[in-house]
Amino acid sequence: MSKKIETIGVLTSGGDEPGMNAAIRAVVRTSIDNGLKVKGIKKGYMGLLNEEIIDMDRRSVADIIQRGGTILGTARCMEFTTEEGQQKAVEICHKFGIDGMVVIGGDGSYRGAQALSRHGINTIGLPGTIDLDIACSDYTIGFDTAINTAMQAIDKIRDTSSSHERVSIVEVMGRRAGYIALWCAIANGADDILLPEKYDYNEQRIIDNIIDNRKRGKTHHIIVNAEGIGHSTSMARRIEAATGIETRASILGYMQRGGSPTCKDRVYASIMGCYAADILAQGKTNRVVGHQNGEFVDFDIEEALNMKKEIPEYEYKISRIL
Ligand code: ADP
Ligand code: F6P
C-alpha cells in the first residue's frame, strides 16, 4: 500500500550545478498543484540536521529558472552518513511534518535518499551533476551548461594559442569522470584528450603527436585534460622542455559549475522536477529519475546505483580521429 504524502521537503546536495534552481522550482510548483505543502531545506543534509527549513510557495521560486547555483544552498555532511545522523534527520522530518523528500544531487546524495526511504520518508532522487557520471541516466542536470561554458573558453584559448603558435593544455572539470573532457575534445577539435577512464600516462605519445603536428604546419596544439588526470602546469613544463615549443596550461575550474543554465538544462531539469513531484504524490519512494532513449523514467535507487556507465568507445575513438 502506498503512503499518502501531505508535506514534502526539497533539498540540493553535493556539488551545485546550473539547472538546480529550475528543478527546485518545478518540484515546488508541481507539488503545490498536486495539493501538497512544500518545505525547502537549506544546505542539503547538513541543513536538515540543523533544522534550516523554510516554507515554500509558488512565489518563493519566482525569478530563479535563469539563475545558476542553488537558492537552497548545498553542502556535504559527514554526520548524515551515520545511522545516528539519519535517525536524527528522520525525527526532524517528523517534527516538521515532512513525509516526502526530493533530493537533487549525485550518487552520494542518492545513498542519503535511500537512507531516508528506509526510515519511512518517501524519497525521490534527481540526477544533479555537471559530470554526467550517473549510470541510470544519459542526461544529468548541469552537464549541458558546463560543456557549453568550457567549449566557449577553449575556443578563446585556441585563438591566442594559434597567434602565438603555442601548445595549450586546458584542464576541465571531472575528478572521476571524463565526459566533459570528451565532449569538449569533440566540440573544440582538440589534438589530444586525457580522460581518467582511459589515460595511459604515456606523455611521450603526446610529445610525438605535437612534433608531428608542427611538422605538418599546425600552428597550435590543444590538449583537453580532465581534472582527474590533473597536473596540467607541470605537464606543460615537461612538454615545453621536450618539444621546445612554448606550452601553457589553463585550468578552467569552477566557472564550469556556475552561470545561467542553457535552454536544455532549464527544460530537462524542469521536466525531471515535475516528474519527481508527481511520482512522490502517487506514493512512490526510493526511486531516482533518469533520462534514457529519449524518455524520462524512474528506477529503484539500489538498481540505479548498481548500474555501470563507461566512456562510449566510438565517441572516444572519433575524439582522437577528428
Ligand atoms: P554527490 O551527491 O554529488 O555524489 P557526495 O558524494 O559528496 O556528492 O554526497 C553528498 C552528501 O550525501 C554527503 O555529504 C552525505 O551527506 C550524503 N551521503 C553520501 N554518501 C552517503 C551514504 N553512504 N549514506 C548516507 N548519506 C550519504
Ligand atoms: O560537481 C562535480 C565536480 O565539479 C567534479 O567535477 C569535481 O571534481 C568536484 O565537483 C569538485 O567539487 P568540490 O571542489 O566542490 O568538492
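This is a predicted model: local features need pLDDT of at least 70, side-chain atom pairs count only at pLDDT 80 or more; totals for chains, interfaces and linings use all residues.
Local features need pLDDT of at least 70, side-chain atom pairs count only at pLDDT 80 or more, and totals for chains, interfaces and linings use all residues. Residues are numbered from 1 along each chain as its sequence is written, chains are lettered from A and ligands numbered from 1 in the order in which they are written, and side-chain values use heavy atoms, with hydrogens and water left out.

User: Which residues come nearest to ligand 1?
Analyst: Ligand 1 has 15 residues around it, each with a heavy atom within 4 Å. Those that come nearest are Arg76, Cys77, Gly106, Gly108 and Ser109.

User: How far is a backbone N or O atom of Cys77 from an oxygen atom of ligand 1?
Analyst: A polar contact is a pair of N or O atoms within 3.5 Å. Gly106 places a backbone N or O atom 2.9 Å from an oxygen atom of ligand 1. For Cys77 the distance is 2.6 Å.

User: Which side chains place a polar atom by an oxygen atom of ligand 2?
Analyst: Gly174 uses a backbone N or O atom, 3.1 Å from a ligand 2 oxygen atom. Side-chain atoms lie 2.9 Å from a ligand 2 oxygen atom in Arg76 and in Arg257.

How values were computed:
A polar contact is a pair of N or O atoms within 3.5 Å; within protein, one must be able to donate a hydrogen and the other to accept it, and residues adjacent in sequence count only if both atoms are side-chain atoms.
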